[in-house]
Amino acid sequence: MQYKANVIVRLKSDILDPQGKAILNSAHKLGYTSITGIRMGKVFEIIGSGDSFEKEVRDIASKLLANPVIEDYEIRIEND
Amino acid sequence: MIKVGVVVFPGSNCDEDVYYVMSSIMGFETKYVWHRDTYIEDLDLIVLPGGFSYGDYLRCGAISSHSIIMEAIKQHINRGRYVIGICNGFQILTEAALLPGALTMNMSTRFICDNVYLSVENINTFVSNQYSEKSAIMMPIAHKDGRYIANEDTIKKLEDNQQIVFRYSNSNGDIEADYNPNGSLHNIAGIINEKGNVIGLMPHPERCVEGVFTGKDGLHFFESIAKWVGD
């Protein structure tokens, strides 16, 4: 049985995101002026199987996928 | 005779410059250390050079920080030996939590290749003892992810313990936001650990040791090592 998990990694809210700001500026140049904030994160799509899958996803989320000094993460696990 | 190891990761590209300075200019016994080595002999100093190890995939220095060689480097540090992380090397050290904080994208979102001034804040370290206190030196930077950040407690601790070795400044040594190329908190360009044997800095001292380059302000960096580690 194959499992899927998504790990969403975001910069912590108190950290400035200059990339997000640059993207926001682009949105404004395109005329989308009701948008007032954009922050950029990452999504990791993970597949695997076995009883250890969920634990391993939690482990790599905190030890590899996110840098805990500057990032928070969220795990969403789905069963096929 | 000071023994130096320059670690090479896939994508490191400043290893040869560091090797050249250490061996040809300083006369240290220098060798390359491969990232997959599990054992490093009794070296005095390990350098993690600049570059784009693992293509900066995931985060700069993130994948390198889990390399096989890192365990041996941690033991080297525990033995009280010395480590210098330059640019990508500094990123690797923070990712491995061997130095506090993190390096993030420059506020401008641009890669900056430029000469900057640094104020030498602490001359009581193995890389800065040959400089005058609060002297302003010129060193090149070349990075996109050099903005140093850490939480309030960490910054306070670094300040209180005088762990900030270099700060971005102007040619007078004034430390202000205008002279900060990347938005690093408190204009931090280089920090040392509490024990004083691990330093990380974003600028490239190995690129300014001979008159043919921008300047020679980097030479004292290496002469400091000769004085401190050699004694």
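User: With which residue of chain A does B:Arg59 form a salt bridge, and how is such a pair to be read?

Analyst: B:Arg59 pairs with A:Glu71 in a salt bridge, the closest N and O atoms being 3.7 Å apart. In general, side chains of opposite charge can pair when their charged atoms come close. The term requires a side-chain nitrogen of Lys or Arg within 4 Å of a carboxyl oxygen of Asp or Glu. The model is predicted: local features need pLDDT of at least 70 and side-chain atom pairs pLDDT 80 or more, while totals for chains, interfaces and linings use all residues. Residues are numbered from 1 along each chain as its sequence is written, chains are lettered from A in the order in which they are written, and side-chain values use heavy atoms, without hydrogens and water.

User: How many salt bridges are there between chain A and chain B, and how many over all chains?

Analyst: Between chain A and chain B the count is 1, whereas over all chains it comes to 14.

User: Which other partner does B:Arg59 have, and is the pair buried or exposed?

Analyst: B:Arg59 also forms a salt bridge with B:Glu95, the closest N and O atoms lying 2.8 Å apart. This pair links distant parts of the chain, 36 residues apart: B:Arg59 is in the loop between β3 (45–48) and α2 (69–78) of chain B, and B:Glu95 is in helix α3 (residues 88–95) of chain B. Helices (H or I, at least four residues) and strands (E, at least two) are DSSP runs, numbered from the N terminus. Both B:Arg59 and B:Glu95 are buried, that is, under 20% relative accessible area, where exposed means over 50% and partly exposed in between (1.4 Å probe, protein chains only).

User: Where do A:Arg58 and A:Glu54 lie relative to each other?

Analyst: They are 4 residues apart in helix α2 (residues 53–65) of chain A, so about one helical turn separates them. A:Arg58 is partly exposed at 41% relative accessible area, and A:Glu54 is partly exposed at 38%. In helix α2 of chain A, A:Lys55 and A:Asp59 are likewise 4 residues apart, and their salt bridge has its closest N and O atoms at 2.7 Å. A:Lys55 is exposed at 54%, while A:Asp59 is partly exposed at 26%.

User: How much area is buried between chain A and chain B?

Analyst: The size of an interface is often given as the accessible area lost when the parts come together. Here about 1,100 Å² is buried, with carbon and sulfur atoms giving 66%; the value is computed with a 1.4 Å probe and summed over both parts. In chain A, the residues losing the most area to chain B are A:Pro18, A:Leu64 and A:Asn67, together 39% of what that side buries. By contact (heavy atoms within 4.5 Å), 14 residues of chain A meet 13 residues of chain B.

Terms used: Buried area = accessible area lost by both parts, 1.4 Å probe.
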